[in-house]
Amino acid sequence: MPRASLAQKKDFVTKAFCPRILALASAGVQDACTVNGFDSFADLLSPFGQDVLTQITIQDGQGAPYFLDKINVRFTTDFVIEKSPAHSSSDVDSLVKTCAAACIEPADPSFVGSDGVVLDAAIADDISTWAPWYTLFRQQWVGDMQASEHETFMIPVACLLVASGSEADPIGALRALQASAAVQRVLTCGDGGTKMLFYYMLLHDGRDTAALQTIDLQFDQVRKTFGQNSALLKINTNTDLLGAADASERVKISSIWGSDIAATRPLVAHTDTSYGEMLTMRDVAALRDAVKLMLVRSVVPHMQYVIRVLSDQTASERRGITGRLFSAGRRYLNTSSKAENTYVGADGEVYYRHKSPEAMLRRLADSSFMLKDYRFAQSVYQIARRDFQSEKAWMCYAGAQEMIGVCKLLWEVQTTKAEFDSIFEDAVLTYTHKTRTPRRYSLAVRCTVVYYELLKHHRFYVFAPGALLRGPAFSASLTALLNEQAAYSYLKVGSRPNVRKFAFYAMLASQSYQKAGMSDLASRCLRMVRMSLKSRSQEPLRADSDDEKDHGKLTAEIKSPTRASMDEKAAALGAATGDGVNMDKASVTAKTKWAAIDSYINHELGRQSMAAHNFDEAFQYFMALMGDEKTPPKLQSKYLQELLQLFLESSDQPATGDGSNGVVKHTGPIELSIPSIDPQLVRIIMSPKLEGEDAMLEWRLDGSSPSKLSGGSSGLQQTRFCSAGEVVAVLLVVTNPLVIGVTLNNLTLECAFEAAGDSAATGASVDSALDISTVTTVILEGEQTTMVTVQITPRRAGSVSILGAKYLLCDILPTFKSLVLPGRRMNDTKEQRMSVVHTPDTTLGFSVSSDLPRLEITVDDLPDTLMSGSMHRACLRVANSGELPCHSVTMWVSHPSFVGVRPPRLCGDEDEEDTGMYVSWPDVAKHERIQVPNVLRDYSTFVLVGQQADALGSSAHCVEPLISLGPGEAFTVPIWIRGDRVGAHTLSLCIGANSAAAAVPKDLTVMRSRRFEVDLLVTPSLRVNAFVRPSTRNPRERLLGVEVENMHAELSVQLVQTTFTSGFYELVPVSNSLGPRKALVGPRQSISMVYRARPHDMTQSDRLLRSDSPEMFAVRALRQFIYSSEKPASTPEAIDLIYSNNVFTDEGIDCKHHSLQSYIMRSQAHRRRNTLRSGYPLIPDKYHSVMFPLFESFGIDFVLFWSQIGGPGRAGHHSISGIDLGVPHDYLVEGLNPPTEGAARTWLSDTMHDREALIHSIASRSEAALRSERPLDVTIRVDAAQKSGPLYVADVAVSVFNHSWRYGYQFTLDLLSPNELDEFLAEGARMDYSGSRAAWSWLGETSYSASVEPHGLTVLHARLSCYAPGTIDVALWRLQASASMEPTAVPAVANSRNLDCVLYPAQPHFVHVGAI
Amino acid sequence: MSSTYYFAIVGTNDSPLYETELGVQRDESKYLNQFIVHAALDLVDDAQFMSTACYLKIVDRYNDWNVSAYVTPSNTRLMLLHEAKADDAIRLFFTDCHELYLKTLLNPFYEPNTLIQSQAFDTKVNVLAKKYLF
């Protein structure tokens, strides 16, 4: 069926209201037509009535001339008023369907592109091409309109009678035709005081060669009989049928009628019919000339005559106010006239009789309109309209209104909207609501169509939607048709298409099409809606919101790769599974931010696709529906049910591989948005039955925490490793976004497996390499979140990556959920920066290694609360459940001062009894000297299995590692955890294992590790404070007091033992009276103990100067670090530590036992590291262990052991490390002196600055420390007094001790007389002196000048006298000292102010004089 | 007076920042409400250049439904779908909602042109609706 190439819109209206000519033919003529393929003579003439060029000047109804360029006429074969019944809704539906079916496949209109609405095309293209079925409909609708009593357009203006010359009596035949019933029906309708025009035509059939001789004679007789309105027509001159001389001429002739039929009766299929077999081009010309002659000579003049007559007859009606008054008076005063002029038709409407003035006015207007005298016709219509309105002849009134509107748009284009739009609105509403005729809807539709066509002609699209939407909605298909046109009109309104309006009315059209059962067009409209909304969502933002534009761009950049990668992955998966699902959902489903709109469109399109058995597309639409959590519960349930139904239906359909008939069976799993499984929340847990986190960690063996693989250093992509046969748990957080409950069945994972050394992954290898568990049922209530664990057991070495989850939704729908994430954003190259490139994601994957140790590591009895100082025993159990021996197991603890580790013990080996942390010992010596290594190492790492390494040599004191751990073997490690510091702590315990037989761990090694973390709360129990006082007995002695306070409200402790550890001092209690009973500390009680700290060996005063002393080692190392930038290679010598024990109970504690020894050393190392880190921030941490020893000679460590009385029998100890007796030790400053040789000659500028800063900081620190210390100490020893006369005289030995080992001092000691004390008070001498100033005095020399060596002692002798025996305070002296310095390079800041100082006694010194 | 309203705040990129049904809620017509308001945006685009006021009154009609619009200086559209014509009440409702929206914009944690998910905002809009529309 060819598309209708219809005339322009304006011509459409003029042709719709063109004059009709009744063409009646005799039987002979009918035969001549039949041989040419025509049903009637009217069909033969029909093409020649279109656009007949008249080119004549005629007069209008008022006698004014105007030029009639061309005219259209239609030839009819019969005439019946209201012959056809009114259109029913089913008729209309069927007509619309026929029109739609007559068109080619309803493809999307031209303005719909792949990215939405193409605005340029929407503006430029013609509307008629977007919906050709509407063009067919309007042509058919208007063409089928029959004559009505309220108008005269359909009444023939002339009657063409045709007889054949082959007939015996042509004149008789013409007379018979003139008397036919059809003619009579026309005459009865057209009697308005004029006669009907009869035009007689004698036809000569060329086939009848015999009649050729007589045809002219016969025509003369016809002319004589019927007058000038006669014509002779000769056709069928093509008698040479067999020759078929010119085929192209045949086609040309046939196309004349073919195109005419396509234009006027588009729904009639005549594609195979050949017209005019007997006609030649000469016949065609004769036909055209005959019609033109008839129109020009007879029809148009006759119509002019009719107009003139009617104009005269209705002159009074049209004559202004007078005529109107006359008409009104006649109407209201003469009732008989009204009754004569009007009648009520069969449909109950008021009509006018043909002879009534109103009917004549209408006929006059119609005739003028048909002769294109629109101006005059409009004025007559307006006159008639008033009468119709007053008479309430609504049919006639609506018809007049309609024609007034048409006339205005045909000649008064510049009129305002209020006029023609309101006129048409009035006409349609009157037709629809005020008339009762069954044809009112048909007429209203005609009125709407005509108005719409004229609006399109004048491009008044702004009125078109309103006009179309006012149209009668008595049929769903008609409503759809008009809504669709309204939607198109919105694309033409204004300078910019109203796409959103278009979308709305296209949606309404779709609804109506669906209601009418025209699902193709409904689907087409919805597709248009989807595309138009897509174009809106992609439309660039306004220029005034640059920020938003940038933001949107950025957002798109961020989101696009995610979607792209997801789509790519999903497509790859679809290809791999062979399901053939088109995963490009974005191109099919509606994706605006208007959720309800999207849901509606997707649902409707899904239903339509489902009805069309296009299941793939339907699946995509329904899948898009499932993702919206804002959908009301009812709709959610409905959508879900329909989706399941869709799947069941698609499963029932037979599969067709090529999908040629549109039925494609859906076999593979589809990707659905419910339930939601966030890939970022997916957790892969190695060895799920064990506690702790399993990972591959980098061990640096420098005390730092084992860290996750940085990737670059190790070259490993994955961060998780497991061995073959090991269970891996994948934890999925599944959330149901719907408010209705769903069930998931047979939930499992889709994984990709790449065998080690094999680059290609195949589906078969996945099945054989992995054993993936299946969760039978997961019940999800509305908006519920639950966790599902799926276990993967790899069988072979390789790499596993999780692609997604598979499950049966509601036990019906196989569903796939992608769990693929984009990796890290690449930013290395220019291309990567300009585009968005992500690395492959490795978070959801793990590697299976064949040589990886497979250990079951458990830690039992980890405490969560501890009292400070108390010990708790936990146990680490390591079992080798793999098939390979494990050669290396290492443990790292975050708080080494909290943890004590015993040597590992193989299970089943019960030889060694597990002793407690404290080993009781009945014979604890008061002083013991033990040599211990003095190297400051990292004590946070323990080797449990493997050969001892120097780097981890600390294990020599604590752990004796196993050589290896064979398959099936297990060992336990007792771990003692002590509450070292009060507060909340998070202890980390990391155990790394390696199957490699590497005996010596390198600085950086990668081990499979399991990390445990425990939150430990340490509550206060005892608080131990130490304080130092100088001793008056010896300048080298100090008194050390220890105060123990029980902070606990219920705890009672028994002090067991105190142990002091020092390399120089020994400590003895001042009083031994503190027995077991007095060593009890109850709740909230406190106890004090005082010890005398004195050098263990007084003779070793040069201890510091020995080259193997820890202090000298530090000085050398510091000097080497500063001046040669080299890391010292040597290690400090072992140190002899003096253990001073004081036992309060029957049995003491063996501090030499290796378990306690190692723990104490670890605590000391921890404290030492912290002290160095804060004291020397400019020295890197890594140098601390090689520059400083673990113990200093003069430091004192204190440990207090206690046990709980009653209760669970807890025991523990408190310690204070590094007690400083306040004796100045400025040895480290010596390290700032440059060495005599070996100094670096050149330094970089930065290095120079660093070193200067370091020197300055160390010198400043020493100066600050010295400021509060006294370099010299003076003690006075008074011998027994001798009675000498009235006086008691005693010899006095004054000892001056120099604590500095850098400087010797020259000093002057003045013994101050008590009477002279007031003179020195202003200088800071003792203001607290409370003794009797008159009771005693110095004898002899009281001023001494002497010197004292570094770390030396100088004794001076004096005498005193006392007047009476008693106790006197002899601490009255002044010491003026000045250091004897040698030239040094040490910065001046290091030279403390104590180099020149004046000292006075800091405390009293009472002596007994005489016998008391 | 009808008791059903549909109120939406539409961002500059035509996406709804906030939407609510006031009064009787009908699930089945939710998409129609959105369609009508969305289609009326075309007319708002034209009408906002015909007036200097933010309140554009009724910009569109569909059957018995009217669409009133209010355009903020930043081109955010406040749209109300209603049946009853109450110009002054709707204008006051729009003005107060605009103030609410401004306060939301002042929130440093709110990114302009994104969904308003504040429960407080929702409550206040309902209070304003009860004050002016019902």
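This is a predicted model: local features need pLDDT of at least 70, side-chain atom pairs count only at pLDDT 80 or more; totals for chains, interfaces and linings use all residues.
**Close-up views of a two-chain model**

View 1. The side chains of A:Glu1066 and A:Arg1094 meet in a salt bridge, with N and O 3.0 Å apart. This pair links distant parts of the chain, since A:Glu1066 belongs to strand E41 (residues 1065-1069) of chain A and A:Arg1094 to strand E43 (residues 1086-1095) of chain A, 28 residues apart. Elsewhere in chain A, A:Glu151, A:Arg362, A:Asp366, A:Glu402 and A:Arg446 are joined into one network by salt bridges that share partners.

View 2. Side chains of opposite charge can pair when their charged atoms come close. Here the side chains of A:Glu726 and A:Arg1008 meet in a salt bridge, at 2.3 Å from N to O. The pair links distant parts of the chain, 282 residues apart, with A:Glu726 in the loop between strand E17 (721-723) and strand E18 (728-735) of chain A, and A:Arg1008 in strand E37 (residues 1005-1019) of chain A. Is A:Glu726 buried or exposed? A:Glu726 counts as buried because its relative accessibility is 5%, and A:Arg1008, at 8% relative accessibility, counts as buried as well.

View 3. Helix H24 of chain A covers residues 595-611, and at 1.5 Å a residue its 17 residues should span 24 Å, which agrees with the 24 Å between its end C-alpha atoms. The helix is mostly covered, with 14 of its 17 residues buried. Within H24(A), A:Arg607 and A:Glu604 lie three residues apart, about one turn of the helix, and they form a salt bridge in which the closest N and O atoms are 3.6 Å apart. A:Glu604 is buried, with a relative accessible area of 11%, whereas A:Arg607 is partly exposed, with a relative accessible area of 39%. Just after H24(A), A:His613 takes a positive phi of about 60°.

**View 4. The contact between chain B and chain A.** The size of an interface is often given as the accessible area lost when the parts come together. Chain B and chain A bury about 2700 Å² between them, and 59% of this area is on carbon and sulfur atoms. The contact is made by 30 residues from chain B and 26 residues from chain A. How many salt bridges are counted between chain B and chain A? The count is four salt bridges, and one pair in a salt bridge is B:Asp60 with A:Lys501, whose side chains meet at 2.3 Å from N to O. Between the two chains there are also 11 residue pairs in polar contact. On the side of chain B that touches chain A, the elements giving two or more residues are strand E1 (4-10), helix H1 (30-47) and strand E3 (55-62) of chain B. The largest share of that side, 14 residues, comes from H1(B). Sorted by class, the side of chain B that touches chain A has 13 nonpolar, eight polar and nine charged residues.

Terms used:
Residues are numbered from 1 along each chain as its sequence is written. Chains are lettered from A and ligands numbered from 1 in the order in which they are written. Side-chain values use heavy atoms; hydrogens and water are left out. Contact means heavy atoms within 4.5 Å. Buried area is the accessible area (1.4 Å probe) that two parts lose on being put together, summed over both. A polar contact is a pair of N or O atoms within 3.5 Å; within protein, one must be able to donate a hydrogen and the other to accept it, and residues adjacent in sequence count only if both atoms are side-chain atoms. Helices (H or I, at least four residues) and strands (E, at least two) are DSSP runs, numbered from the N terminus. Ala, Val, Leu, Ile, Met, Phe, Trp, Tyr, Cys and Pro count as nonpolar, Asp, Glu, Lys and Arg as charged, and the others, Gly among them, as polar. The expected span of a helix is 1.5 Å times one less than its number of residues. Buried means under 20% relative accessible area, exposed over 50%, partly exposed in between (1.4 Å probe, protein chains only).
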